[in-house]
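Open the model in a viewer and keep the selection tool at hand.

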Amino acid sequence: MDLANSKRENTFVTYSKNVFIPITKICKNDCGYCAFKQSPDDPDATILLEKEEILATLKEAEKYGCKEALFTMGEDADEEPAVKIKLEKLGYENMPDYIYDICKMTVEETDLLPHTNAGNFSYEDMKKLKEYNISMGMMLENSSERLMNTIAHKKSPGKDPKIRLETIENAGKLNIAYTTGILIGIGETKEEIADSLLKIKELCDKYGHIQEVIIQNFTVSPGIEMESHEEPSLLDMVRTVAAAQLLFDEDVSVQVPPNLNYETSQIFLLCGTDDWGGVSPLSEDYVNPSSPWPTLERLEKLTNDAGYQLKERLAIYDKYINEKYIEKSYIN
């Protein structure tokens, strides 16, 4: 049985052509599976990209036809003195103010649309950032407080599920089109997976702002604390994708990152995924540096072979392109 056909009637699988820009890799969290975080003492550390560097990358992305500017950074990076000092030199008190100006610059000086994914923000900061963000996102990862005492999250206060659920709910209160999801294979139980999906579903039903749910599998990267940890099985992923597809209605896309499932990604199309997520022709996946993006030619072949058509989308889904969700008319 093609489970995908039990939910969706269209024949399209979408993707967003983006440029991935890590504004800083400094982070207050220290997750056991993280290959993104850098120490400020690392000579190669990205303490803070400056606006001129970012604009140059955005202009290059325009040449590749990118539509989305994906801005990521470590959570609460400005709690680190090295980041705080650089921000002050640039005339900023905190990261949210800096991100706001970067997104404003992106809208005013390029054809790209900003999407910020930077962990938890306060309600006030999200309200401010909405003005120049076409959408925002943050992975819930898991709703289990038990995981806060495991190798995955014991050194990561920002991964407290109560805080992350509050952030996702605040996005709903502010009418921000939002992407979230769960991470499979970090020590969770099947019951905790189910509870995590249900928690997202509750917020989606209450506010209607969840545009996409990502089912992301833990993958081993060299040097991470969980380097010897077992990755989730294909069956674990199929079960979870099928459950998400049945749980969420047709207006909520379900995604599995194709670069983390290079040989098995077509299987997920047949059990409910209808989006490949952001794919960049220019930048790497800095969160998963050992997993390169597939080319658009390969994505199209995978999509066509599974009986679907590949279709480009914006960082905001069509149903959210209205005055309720967008404060500025910068979409033609």
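Go to Cys31, which is in no disulfide; its nearest cysteine sulfur belongs to Cys34 and lies 6.0 Å away. Cys31 has 8% relative accessibility and counts as buried (buried is under 20% relative accessible area, exposed over 50%, partly exposed in between, with a 1.4 Å probe and protein chains only). Next select Cys103, also in no disulfide, where the nearest cysteine sulfur is that of Cys66 at 16 Å. Cys103 is buried, its relative accessible area being 1%.

This is a predicted model, in which local features need pLDDT of at least 70 and side-chain atom pairs count only at pLDDT 80 or more, while totals for chains, interfaces and linings use all residues. Residues are numbered from 1 along each chain as its sequence is written, and side-chain values use heavy atoms, with hydrogens and water left out.

Now move to Asp275, in strand β8, residues 275–279 (strands are DSSP runs of E, at least two residues, numbered from the N terminus). Asp275 is buried at 1% relative accessible area. Show what surrounds it: leaving out residues up to four places away in sequence, Asp275 has contacts (heavy atoms within 4.5 Å) with residues including Val13, Tyr15, Glu212 and Val254. Ser253 is 22 residues from Asp275 in sequence, with 6.4 Å between their C-alpha atoms.

Finally, display the side chains of Arg313 and Tyr317. A polar contact (N or O atoms within 3.5 Å, one able to donate a hydrogen and the other to accept it; residues adjacent in sequence count only if both atoms are side-chain atoms) links the Asp275 and Arg313 side chains at 2.7 Å. Another joins the side chains of Asp275 and Tyr317 at 3.4 Å.

Note on methods:
Disulfide = S-S within 2.5 Å. Helix = DSSP H or I, 4+ residues; strand = E, 2+ residues; numbered from the N terminus.
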